[in-house]
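Open the model in your viewer and follow along. Each stop says what to select and what is there.

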Number of protein chains: 2
Amino acid sequence: MKYDSKMCETLLESHGIKPTANRILVVKALAESLRPMSLSELECEILSVDKSSVFRVLTLLREYHLVHVIEDGGDGVRYELCRSTDGHEHDDDQHVHFYCEECHRTFCLTDIPIPTINLPEGYVLENINYMAKGRCPKCAHKKENSW
Amino acid sequence: MKYDSKMCETLLESHGIKPTANRILVVKALAESLRPMSLSELECEILSVDKSSVFRVLTLLREYHLVHVIEDGGDGVRYELCRSTDGHEHDDDQHVHFYCEECHRTFCLTDIPIPTINLPEGYVLENINYMAKGRCPKCAHKKENSW
DNA sequence: CACAGTTTGCAACCCAGTTGCACGGAATCC
DNA sequence: GGATTCCGTGCAACTGGGTTGCAAACTGTG
């Protein structure tokens, strides 16, 4: 998918957010990334913007359900653009993620839906985090060869 | 399940760990807890032991596969006693966890196994973290009444 | 008892995430 | 158009969980 600044701008507006320069940059970075990004990854990606500003933009985007967070198994949380039908409270596009313990990247397995379970009586489900961990194709391959 | 100090001691020994006072306390706390505990929860539970000591005990227990960690969706990681057949590299007892966004506690749904998926070509699976989030029976009930 | 190795508590450190604050630019109101 | 308010931003400082360094206490072995 190709994203230019203009598209990010309208995306923001369609969610009722004023499209400032920083916000567009953050959305663009997220949109162009194939993988969910951590705060620090975003910081590195957009050096022109201060860490705290990136943080505040992300918080804002979360409030307006334009991004959601997932926990990579590693250190912190990662942010992912909601690609679902816009503006919904809950994201329909929940899918399985894969965390590579070698290169510490998180992949979206977009076409694998999260298998559901039957919760015991009384529990109210909000959302599910399904994180598979191991080695991504590239790292698994590398290892194989180095042995 | 009832756990006294003696049992914890033998549990440690059976894993090849010298059973010191602190270690027994930590294992006991974990064993008695119905839920996986965070480092800080353990700190509060065992006030007599220093934070860093708890931390070191936990690291040790992890090395010897007596406890494993899971990510609650919240702030950090939680520690859970491995109840699987002892000493295995990988825990057979992986089950679904439920994180209550109200009271921030993590529950083990011990009798719900993690549903498996078919990973795309090339990915090497190590383990899976299945975390359902929402409200636990108690909190869901509370909310219901307050409305 | 002396000695080497291990375990522990304390204090200091680290660092990602977060907040306070004051400047600067945009929107709003005479 | 110019004053005023509001909002977004960068900087610096703070926070708190996790981690490490170090020296004291403790263990056990000859």
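Start where chain B meets chain A: 10 residue pairs are in polar contact across this interface, both residues at pLDDT 80 or more. A polar contact is a pair of N or O atoms within 3.5 Å; within protein, one must be able to donate a hydrogen and the other to accept it, and residues adjacent in sequence count only if both atoms are side-chain atoms.

This is a predicted model, where local features need pLDDT of at least 70, side-chain atom pairs count only at pLDDT 80 or more, and totals for chains, interfaces and linings use all residues. Residues are numbered from 1 along each chain as its sequence is written, chains are lettered from A in the order in which they are written, and side-chain values use heavy atoms, without hydrogens and water.

Next, select Arg135(B) and Glu126(A). They form a salt bridge, with the closest N and O atoms 3.8 Å apart. The term means a side-chain nitrogen of Lys or Arg within 4 Å of a carboxyl oxygen of Asp or Glu. The interface has two salt bridges by this rule.

Now color strand 6 of chain B. Strand 6 gives 12 residues, the largest share of the side of chain B that touches chain A. Strands are DSSP runs of E, at least two residues long, and helices are runs of H or I, at least four, numbered from the N terminus.

Last, show helix 1 (residues 5-14) and helix 2 (residues 21-32) of chain B. Their axes are 9 Å apart, at an angle of about 105°. The two helices are therefore roughly perpendicular, a label for angles of 65 to 115 degrees. Axes are lines fitted to C-alpha atoms, for helices over the stretch in contact, and angles run from 0 to 180 degrees between N-to-C directions.

Note on methods:
Angles under 35 degrees count as roughly parallel, over 145 as roughly antiparallel, 65 to 115 as roughly perpendicular and the rest as oblique.
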